[in-house]
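Please read the following briefing alongside the sequence and the model, which are shown first. It takes up a pocket, then the chain as a whole, then the packing of some helices.

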Amino acid sequence: MRKNLLVLVVVAFIMGCSEPPKLEHKFTIDVSYSAEVDSLAKDGRLLLMLSSDDSDEPRFQINDGLNTQLIFGMNVENWAKDSVLTFDENVFGYPYESLKDVPPGEYNVQALLNVYETFNLSTGHTVKLPMDNGEGQQWQKSPGNLYSKPFKIRVASNGFENVSVDLNQVIPPIEEPEDTKWIKHVKVKSEKLSEFWGRDIFLGAHVLLPKGFEEHPEAKYPLMVFHGHFPSDFGGFRTTPPDPKMKPEYSERFSLEGYNVIEQQEAYDFYKRWNEPDFPRFIIIEIQHPTPYYDDSYAVNSANQGPYGDAITYELIPEIEKQFRGMGEGWSRFLYGGSTGGWEALAVQVKYPDEYNGCFAACPDPIDFRAYTLTNIYDDENAYFYKSAHKTLEVPSHRNYLGQIQSTLRQGNHLELVLGDKSRSGQQWDIWEATYSPQGKDGYPQRIWDKKTGDINPKVAEYWKENFDLRHILERDWDKLGDNLKGKIHIYCGDMDNYYLNNAVYLMEDFLESTTDPYYEGEVLYGDRDEHCWNGDPDQPNAITRLRYNSMYVPKIMERIEKSAPKGADLTSWRYK
């Protein structure tokens, strides 16, 4: 009996010491689409999203900030209906690099295919890119993209339980805006761009007409070109007071309640100002020039995007002036805008000095690549990390007016890499690359830095310097450009710009103030503790100044016209009450 008891004890001990059976780890999610949405094989970028926030669909919750949700991406080529693609732990993601890193919990899951089209470029290259379909290059709502409805899944410590996602929805087309008494819409086929892209390419514009346009057929008008991101219609102009039924919304950025009401009130106030007897009569245009790389082209000629600068200046603008009685001369054209539009206003003025008579560039994207936000692309070896022998410190990319950081350069670029490789994310760092870089052997933009590691390519940096570093170009060519740019350059920036854009403005100011032959005769102003989109008004907070671009620069433009208009120029036909 004792012997049997001893045997039982030994067996129990052995069993207790043995390892428990291992749980199967499954970090895979299957995605498919059927003929219900499309029967054609697809090219594109397949995106898988997980969200722990029920407030909206996951596709609308992906961003570079602290409240972002999760996304993973892979390329798709000739993806046939009813075939299954699998996301596994090797697919790159953001902010977690792998599905195996997703914390346990409950998530909404959604997938979306950003569809690519094939372009046979005039350079001889064939590339696959997402064509804009009237939405301004926004993958979340681009017509023709396939997506799934969100549903709940549970993530356990050992992965996912047989998750399959079906793309059974198609984003519908977008209706084009209709003409009104005040706002007209123009679309022009560009021969220059169509030749480059190997298909018909159109440029568009929303045109705000001056008061009395129909009643004064004898009048010809100066032109104000408001550069910026893709406009669905002319913004900041409203013929009626704010909608009394609209629910006020809180602006976290400006700590203001009812900011949506303020925006409508500012738009209505501009309408009233536009109609006042003392307001000069201009034509104002907002341009639509999205490319397969972004919501606009940056308005310059580019190795990867084609001759957008020439197309806008020599095709679109003359057609608008012809249709709406613009004067059609360089002294009567003015450029302004903020952020992307600020860079465009200054770059177009520099690239086409005789075709425009002044630029007003607010919070411009980096205009000196020694301050490419916080990176010096000429001297730094890595964009993502500060140089240190023993410490790892990431380079920030976004702050608020107190200096509090929301994101880093590495994080933002990794998000873009998930959304699309080969500069195809449709986001900020990639469009700078698509605009400024030489074309690679594969037909896509050459990288300024390795997208994963941040290591900078000095040869590409040198190309950027000679072709698109605006401070360098001005300094290099001031003996040729100075006379044509005298009095035309005006730059405004908050000294707490969210993206550190003021750093490049300081460097540009250093050069401009050093000019003597001739002196540049413009202005550079800074807003104390003002953030992104400050436009130069020292008397209003940033939340208001960003809404007043259309009227802010009119007095300065009038001063410029009176000073620089050639002898015999028409200064009266458009000055009616």
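By class, the residues that line the second largest pocket of this predicted model divide into 12 nonpolar, nine polar and six charged, where Ala, Val, Leu, Ile, Met, Phe, Trp, Tyr, Cys and Pro count as nonpolar, Asp, Glu, Lys and Arg as charged, and the others, Gly among them, as polar. Local features need pLDDT of at least 70 and side-chain atom pairs count only at pLDDT 80 or more, whereas totals for chains, interfaces and linings use all residues. Residues are numbered from 1 along each chain as its sequence is written, and side-chain values use heavy atoms, with hydrogens and water left out.

**The second largest pocket**

- The volume of this pocket is about 640 Å³, taken as the space filled by probe spheres set on grid points that are joined across faces, edges and corners.
- A pocket here is an open set of points, on a 1 Å grid over the protein atoms alone and for a 1.4 Å probe, with protein on both sides within 12 Å along at least five of seven lines, and its lining residues have an atom within 4 Å of a point.
- There are 27 lining residues, and those nearest the centre of the pocket are Asp-132, Gly-134, Lys-187, Phe-230 and Gln-288.
- Strands β13 (183–189) and β14 (202–208) each supply at least two residues of the lining, and β14 gives the largest share, with five residues.

**The chain as a whole**

- The chain has 13 helices and 24 strands, which are DSSP runs numbered from the N terminus (H or I, at least four residues, for helices; E, at least two, for strands).
- Along its principal axes, the C-alpha trace spans about 125 × 55 × 55 Å.

- Helices α7 (residues 428–436) and α8 (residues 458–468) pack at an angle of about 75° with their axes 10 Å apart, the axes being lines fitted to C-alpha atoms over the stretch in contact and the angles running from 0 to 180 degrees between N-to-C directions.
- The two helices α7 and α8 are therefore roughly perpendicular (under 35 degrees is roughly parallel, over 145 roughly antiparallel, 65 to 115 roughly perpendicular and the rest oblique).
- In this contact (heavy atoms within 4.5 Å), Trp-432, Glu-433, Thr-435 and Tyr-436 of α7 meet Tyr-463, Trp-464 and Phe-468 of α8, which makes five nonpolar, one polar and one charged residues.
- Helix α8 also packs with α9 (residues 470–485), at an angle of about 60° and with the axes 6 Å apart, so α8 is oblique to α9.
- Lys-465, Glu-466, Asn-467 and Phe-468 of α8 make this contact with Leu-470, His-472, Ile-473 and Arg-476 of α9, and by class these are three nonpolar, two polar and three charged residues.
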